[in-house]
Amino acid sequence: MPIDKRAGSAAEALADVSDGATVLISGFGGAGFPNILIRALRDRGPKNLTLVVNSAVHRYSFTHELIEAGLVRKVVCTAARGHSKEPSPFERLWIEGKIELECVPQGTFAERIRAGGAGIPAFYTPVGFGTDLAQGKEVRNFDGRDCILAQAIKGDLALVRADTADRYGNLAFRYAQMNFGPVMATAATLAVVEVRTVLDEPMPHERVQLPGFYVDRVVAVGT
Amino acid sequence: MQPLNRLQIAWRAAQDIGDGMLVNLGMGMPVTVVDYLRPEADIFIQSENGVIGAGPLASPDRADTDLVDASSRRVTLRPGAAIVDSSWSFAAIRGGHIDVAVLGAFEVAANGDLANWDMRLPNKGPLVGGAMDLAACARAVWVIMEHVTRKGAPRLLEACTLPLTAVRCVKRVYTDLAVIEITPAGMLVREMLAGLDETDLRKRTGAPLNFAPDCRPLVTPPIELPIGDPA
């Protein structure tokens with residue numbers, strides 16, 4: 001059967017997501033948020049999710065809708081500070097002890113996900129040594145430099161935003177849309193990607209920024 | 001004696017950024033350094049989200065939500081720019097490929113310890129972003145900040161009181177009063193605002209200061225803050 005990763009809708013692409021899933025969500029600073037997939041996941045409503053997302057509170061991401069809908073048990077992120085003086089919905093749940101938070105330096109966050117998709121169970125990094133975020137972590141000295149152990153992150157599901165796909169799942173990103181998308185797709189059992197458009201023809205190889213074998217489903221959203 | 005404003009501090013740091021450097025500018029005061037880079041110097045600005053060669057801010061009609069820097073500002077690309085994904089971007093940072101990271105700070109210690117990510121605000125979640133990666137791994141870490149807090153307490157200390165971002169990482173500090181190197185023997189004043197003397201500067205500093213034999217006056221052009229600027 002010919003390969004065809006196109007899904008008819010966001011809802012269809014997420015129909016088999018179950019409770020307790022670890023969900024990796026791409027996006028940074030307004031670029032690459034898979035907001036249509038995030039909303040479809042909220043509508044589907046799986047419970048006790050662990051989110052792995054750069055920011056728990058970014059104003060242009062719909063991630064907060066999953067949190068406000070009570071679907072999230074834990075967030076692994078690099079930023080969890082709301083934009084206003086009043087606590088954000090995430091901060092309120094966190095202060096009340098209703099949601100677990102793991103705050104990770106951004107490079108360690110990206111590399112842990114990369115490692116998850118690259119068959120590396122853990123690695124040592126100098127980043128974070130001597131800080132509060134190193135508490136409880138194994139320390140080892142390499143070449144005179146103290147490093148801490150960081151464990152790989154894998155997901156059950158990745159939600160990624162790209163610009164263009166083809167039916168093989170090959171992806172091209174616009175500008176800084178890429179950010180965490182490629183590594184998240186490699187580290188998840190099921191990688192679902194929303195794109196502006198799906199090409200009728202195979203994507204020219206020099207345009208492919210993530211090869212299609214990493215991608216399971218693509219949904220064209222038109223914008 | 002008029003302390004520098006924050007744009008003048010940024011101007012002073014920009015004068016030390018040389019031709020061909022790959023530079024990361026942190027959020028807040030550091031991003032304004034880009035406005036004062038010497039035009040003849042060919043400099044690439046790296047942004048944590050993977051933009052290598054960010055140009056000036058985009059005009060409103062050219063702004064693109066997919067082309068942002070690490071402060072979520074809509075930027076442009078300079079000639080020769082490239083964009084990579086976040087894991088590659090941070091591999092470049094950790095791998096020591098960034099010549100200079102210019103960062104803001106709450107506190108810097110005499111041994112180079114940096115505190116710039118957590119002010120222990122009540123009821124606010126943490127935000128670390130790429131601060132620890134840059135502080136720990138850029139080839140040189142320069143801090144730009146006001147010499148004292150708004151209440152007048154020193155920010156240059158024997159030991160930081162706020163949570164650390166990285167240990168022994170800061171090489172140089174540009175403040176509104178002085179330019180200070182962090183050396184194995186502690187803080188060494190390279191430049192000091194005219195009208196201040198050593199006693200004045202020591203009074204505003206919470207760590208011992210040495211003065212370079214060739215310590216120079218800290219001079220910048222006048223730069224107006226934007227109208228309505230809170231600082």
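Two residues are taken to be in contact if their C-beta atoms, placed from the backbone, lie within 7 Å. By that criterion A:K74 touches A:T50, A:I99 and A:E100, when residues up to four places away in sequence are not counted. The structure is a predicted model, in which local features need pLDDT of at least 70 and side-chain atom pairs count only at pLDDT 80 or more, while totals for chains, interfaces and linings use all residues. Residues are numbered from 1 along each chain as its sequence is written, and chains are lettered from A and ligands numbered from 1 in the order in which they are written.

A:K74 lies in strand β3 of chain A, residues 72-77, where helices (H or I, at least four residues) and strands (E, at least two) are DSSP runs numbered from the N terminus. A residue is called buried if 20 or more other C-beta atoms lie within 10 Å of its own, exposed if 12 or fewer, and partly exposed in between, the C-beta atoms being placed from the backbone. With 14 other C-beta atoms within 10 Å, A:K74 is partly exposed. Its C-alpha atom and that of A:V57, which is 17 residues away along the chain, are separated by 14 Å.

Turning to chain B, one finds 4 helices and 13 strands. The radius of gyration, taken over C-alpha atoms, is compared here with a globule rule of 2.2 Å times the number of residues to the power 0.38. For chain B the radius is 17 Å, close to the 17 Å that the rule gives for 231 residues, so the chain is as compact as a globular protein of that length. Its C-alpha atoms fill a box of roughly 50 × 35 × 35 Å along the principal axes, and 48% of its 231 residues count as buried. Among the contacts in chain B between residues at least 6 apart in sequence, 63% join residues at least 24 apart.

One part of chain B is an open sheet of 3 strands in the order β7-β6-β9, with mixed pairing; two strands are said to pair if DSSP finds at least two bridges between them. The edge strands, each of which pairs on one side only, are β7 (114-115) and β9 (156-157). Strand β6 of chain B, residues 107-109, runs parallel to β9(B) over 2 bridges, and B:L157 in β9(B) is the bridge partner of B:A109.

The loop between β9 and β10 (170-174) of chain B holds B:T165, a buried residue with 32 other C-beta atoms within 10 Å. Beyond its neighbours within four places in sequence, B:T165 has contacts that include A:T131 from the other chain as well as B:L114 and B:A115.

Where the chains meet, 35 residues of chain B are in contact with 40 residues of chain A. On the side of chain B that touches chain A, α2 (86-94) and α3 (131-137) each supply at least two residues, and the largest share, 5 residues, comes from α2(B). Of the helix α2(B), 7 of the 9 residues are buried, so this helix is largely enclosed by the rest of the structure. Among those buried residues are B:F90, B:I93 and B:R94. Their cover comes from both chains, including α5 (106-118), β5 (122-125) and α6 (181-187) of chain A together with β2 (44-46) and α3 of chain B. After α2(B) comes B:G96, whose phi is positive, near 80°.
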